[in-house]
Structures are given as C-alpha cells and as structure tokens.
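Reader: I would like to learn how to read the side-chain features of a model like this one. Could you walk me through them, please?

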Amino acid sequence: MAAGFRPMIVLLLLLSCWKETTGKEGKSKGKKGKQVVCPSQLSPEDLAQVPPNSTSNILNRLMVSYDARIRPNFQGIPVESRVNIFINSFGSIQETTMDYRVNIFLRQRWNDPRLRLPTDFKSDSLTIDPNMFQCLWKPDLFFANEKNANFHDVTQDNILLFIFRNGDILISMRLSVTLSCPLDLQLFPMDTQRCKMQLESFGYTTSDLVFMWQSDPVQMDEIALPQFDLKKEDIIYGNCTKFYQGTGYYTCVEVIFTLRRQVGFYLMGVYAPTLLIVVLSWLSFWINPDASAARVPLGILSVLSLSSESMLLASELPKVSYVKAIDIWLIACLLFGFSSLVEYAVVQVMLNSPKRIEEEKAKMAEKERQLQEKEGKMAANKTSNTVNGTGGTPIHANTLQVVETRCKKVCTSKSDLRSNDFSIVGSLPRDFELSNFDCYGKAVEVLGVLKSQIKANKKPAPPKPVIPAAAKRVDLYARALFPFSFLFFNVVYWSVYL
C-alpha cells in the first residue's frame, strides 16, 4: 500500500511546484508589462492576415527581415547619432554629496537604411508604438558621470519613436538622472560651479558609432534655482571622446552647465549675524573695568555663538581639506571675539597689580593735596580782602556777627524767658512756650542739625576701588583699535572674494 501511494505523493509535489513557478512568472510578467512580439518573429500565416494596404503591413515589410543585433552600415562607415536634450527641471547642487539631479527629454537621431519607408507610403514619417522600441537597433548611450537614473512609465512608457522616409529614426525618452559634480568650494559662497553631463557609448568604439550634438543641443525654459543662476548662454558644449587601454576609443559628448551661486542667503544667514555678534563683543570696552560680572559673560557668549555658527555651517558642507572663503570669515570673527576676552584679561591683570594700585593711590593723594592747597590759598585771599576793606563786608562786621549769633541762639530754659533782662531776648511775653525759637521769637531750622546727626550715625561708605590709569588706557585703545581692524579686514576680504 505504501509503495502505491508514493508515486501519487511525488506527483502532487511536482504539481504544486509547477503552480508556484507559473504564478511567479505571471507576476513578473505583470510587473514588466506585456511581452512584445516583433514582426520578424511572426509566422507567415500571421503576416498574411494583415491587410495589404494597411500601415501595419508596411511596418511588417520593413521589420520582417530586420535584425536588431546588427548595427546599420555593418562593416561600413560608423553610425552618426545626433543628440539633443530638453531640460524639464534642474535641481540644486547638493554640496554634501556633490551631485545634482535633472529631468530631461533625451533625443537621439540616426539613419538606418534598412528602415526606409516605401514609396507607396504617403506620409513623411511613421509614428510607432513605444513597445516597438525593443525591436530596433539603438545606440548604447549611457551617462558617464551618472549616479542614479530612472525611466518614467506613468501612465505609459515615456518614449516617443519616429521613422522618417529616408530611414532616419528619432527616439525621445524622459529620464531623471542624478549626476556627479565635483565642486571647488574655495570661494564658497561666492563661487561659480561648472557641472558636466557626459553622454558616452558603452560598447561601440568610434569605428562603429559616433555621437555629435545637433544644432541647439540643449533646450530649456526659464529655470529658477533657489541658490544658483543658470543661463543658457553660459552653457558650453564639447567632445569628450575617451581612450580605454585594451579596448580603444569610445565616442563621448558633454555639456557643461555654469552655475553662479547667489550669495544673498549667506549674507542674511551667516555674515550679518556673525558681524553683529563681533560688534556686540566690543560693548565690553565701554563697561567699567571692575564689572567682571558683566564683561566676562558678554565675551564668552560672543565666542560660543560664533563657534556654534561655525559648527552648524560645517555640518552642511563636505569635509574638504582646503580653506573656504566663509571659513576665513568665521575664523576672523572668532578671533575678534576671543581677542575681546583676552583684552579684558589684560585689563584684569593691570587692575589687580599691587604696584600699579600703589602708584595710582600716590597720584590720587598728590592731586588731593594740591586741591587742598589751592582751596587754602583761596580762603586766605578772601580773609585778607575782608580785613583790608577790599571785600564786600565792612570792618565792623565782626561786632554785628556776634550780636546776630547771640540773637539766634536757642532758648534752653524757661528761666531765660521769664527773667526781667530783655536786653538780649527783647520784649517776649512771659507765657511764651519753650521751643526751638531764637531770641527774636523766630523758629530755628533744625533740619541741618538732624542731617548732620544722621550722617554721623551712618556707617562710612566703603572706599571706591582704585582703578589704575593703565587699565583704563587699554580699554580706551581697544575702543578704537578693534573697530578699525575689523573694518580693514572687511575691506580686504570683500575686495578679494567679490
């Protein structure tokens, strides 16, 4: 029994494997599309079913003996393929990966004598279904500096195919291509880049195939790029035929796009902020030298801001070994910010130098002594003028002053007021209340007395720190030296790189 079931089990396994393989083939065919049958693969019976005067019959007659494996003019003159490009869109250059992406219509036109239209065909050209593209011989063109490329097949394959009366074939296909573009960033961001597009033959040498540009090789509408200016008159065309050791010369044509960078983005995003940060660091020169709590954070904030700006920009650019123009600017700004910190360190050293402090104290004492001597001389001159009668006060002023002083004295007891001696106090009533009144009955101002008492009770204010004149002089020089140095750097920088 077991031997009888064994052939059935093997048969079932084979059947299941066959179903799986046919299912996979069907899926792959569905992805690739319907398989094209060329007229040369049709049987005579199939060809006979086509009406004789139809366009299909004309195409069948052209293609029935056509061999797509052999190039036109085999063992004769090389095929001349004229190339033309229409640019749909042009992507900006990526500095980090050094490439750019374009969407183009690639057009090629060459002559194949085997496909000359018969005389009974009235039109000058024959438009063919794109699926017939696989039945023709085509130049094996590829992009030499291509990184990635893809055809477009929405909603159908984006391929246009014409056959002209004289046997010329025109193919136009839509492609998206990512091309490498080695960048020279020494003048970044005031740089101009030249990016190539090279179209080369892969398998046919120059004895079999030659590429050449058509008249008006590159066509495009007005293209606006976010960071670059691209103009049609700046496009250069050339020949880049290459020699490979062991195989020979291979035809190649190239187009060079000249892209001039717009510096406006970097002026607003990098240059202007860093310039303001440098100017901000100079404010510390106008702050008092002993105010370290204000000056040190200002200098550190400036240096850290410039450092973070440099690191952010470096992350957006490739790691090249040479110095870029924007690197020189950022390094110079960083040096100016760091120098403002160093300047304050010098001021602080002078501020804490005992020798300079003692010298400054001696100078201050000398100035105060000279001021006191000057005031003493002025007082002496005033006294001499009064005694000699040359002043504005008469000689008997001393007598009047004594009387005035006696009259303005404060009454200290009621007995003074109640005494019968009115020679000093005048005629005051006996019920006059004791208060702060003078002998004329006028109130005595005690505000000055109270103020003097408050001042006497107050703790003496701490002495002001002695700031050496040399420290102030360093700040004074820095206020002029730093702005003029930065201005000179700007003049040199922009005259070199613009």
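**Disulfides, rings and cores**

Author: Gladly, and let us start with one cysteine: Cys 38 is buried, at a relative accessible area of 13%. Buried stands for under 20% relative accessible area, exposed for over 50%, and partly exposed for what lies in between (1.4 Å probe, protein chains only). This is a predicted model, where local features need pLDDT of at least 70 and side-chain atom pairs count only at pLDDT 80 or more, while totals for chains, interfaces and linings use all residues. Residues are numbered from 1 along each chain as its sequence is written, and side-chain values use heavy atoms, with hydrogens and water left out.

Reader: Which residue forms a disulfide with Cys 38?

Author: A disulfide is a pair of cysteine sulfur atoms within 2.5 Å. Here the partner is Cys 135, with the sulfur atoms 1.9 Å apart. Cys 135 is also buried, at 4%. The torsion about the S-S bond is about -90 degrees, so this disulfide is left-handed.

Reader: Where in the chain do Cys 38 and Cys 135 lie?

Author: Helices (H or I, at least four residues) and strands (E, at least two) are DSSP runs, numbered from the N terminus. Cys 38 is in the loop between α1 (2–32) and α2 (44–48), and Cys 135 is in the loop between β3 (125–128) and β4; the pair links distant parts of the chain, 97 residues apart.

Reader: How many disulfides does the count come to?

Author: Three. Another joins Cys 181 to Cys 195, with an S to S distance of 2.0 Å, and its -80 degrees about the S-S bond make the link left-handed. Cys 181 sits in the loop between β7 (168–180) and β8, and Cys 195 in strand β8, so the pair ties together parts that are 14 residues apart in sequence. Cys 181 has 1% relative accessibility and counts as buried; Cys 195 is buried at 0%.

Cys 240 and Cys 252 are joined too, S to S 1.9 Å. Their torsion of about -65 degrees is that of a left-handed disulfide. Cys 240 belongs to the loop between β11 (236–239) and β12 (242–244) and Cys 252 to strand β14 (residues 252–261), so parts that are 12 residues apart in sequence are tied together. Both are buried: Cys 240 at 10%, Cys 252 at 0%.

Reader: What is the pairing when the bonded cysteines are numbered in sequence order?

Author: The pairing is 1-2, 3-4, 5-6.

Reader: Now to the aromatic rings. How many aromatic pairs does a search of the whole structure find?

Author: A pair of aromatic rings is described by the distance of the centres and the angle of the planes. Rings of Phe, Tyr and Trp (its six-membered ring) pair if their centres lie within 6.5 Å; planes under 30 degrees apart count as stacked, over 60 as edge-to-face and the rest as tilted. The search finds 28 aromatic pairs. One of them is the stacked pair of Phe 86 and Phe 105, with 5.9 Å centre to centre and 20 degrees between the planes. Phe 86 is in strand β1 (residues 79–90) and Phe 105 in strand β2 (residues 99–111), 19 residues apart. Phe 86 counts as buried at 18% relative accessibility, whereas Phe 105 is partly exposed at 25%.

Reader: Is the pair of Phe 142 and Phe 202 stacked or edge-to-face?

Author: Edge-to-face: the centres are 5.5 Å apart and the planes make 80 degrees. Phe 142 lies in strand β4 (residues 141–143) and Phe 202 in the loop between β8 (192–201) and β9 (209–220), so the pair ties together parts that are 60 residues apart in sequence. Phe 142 is partly exposed at 27%, and Phe 202 is exposed at 63%.

Reader: Which ring does the charged end of Arg 109 sit over?

Author: A charge sits over a ring if NZ of Lys or CZ of Arg is within 6 Å of the ring centre and within 35 degrees of the ring normal. For Arg 109 the ring is that of Phe 164, 4.1 Å from its centre. Lys 138 lies over the face of Phe 133, at 4.7 Å from the ring centre.

Reader: How many residues has the largest nonpolar core?

Author: In soluble globular proteins, nonpolar side chains tend to be buried together. A nonpolar core is a set of buried Ala, Val, Leu, Ile, Met, Phe, Trp, Tyr and Cys residues joined through side-chain atoms within 4.5 Å. The largest has 83 residues, and Met 197 and Phe 257 are among those with the most contacts inside it. Helix α6 (residues 325–351) gives the most to this core, with seven residues.
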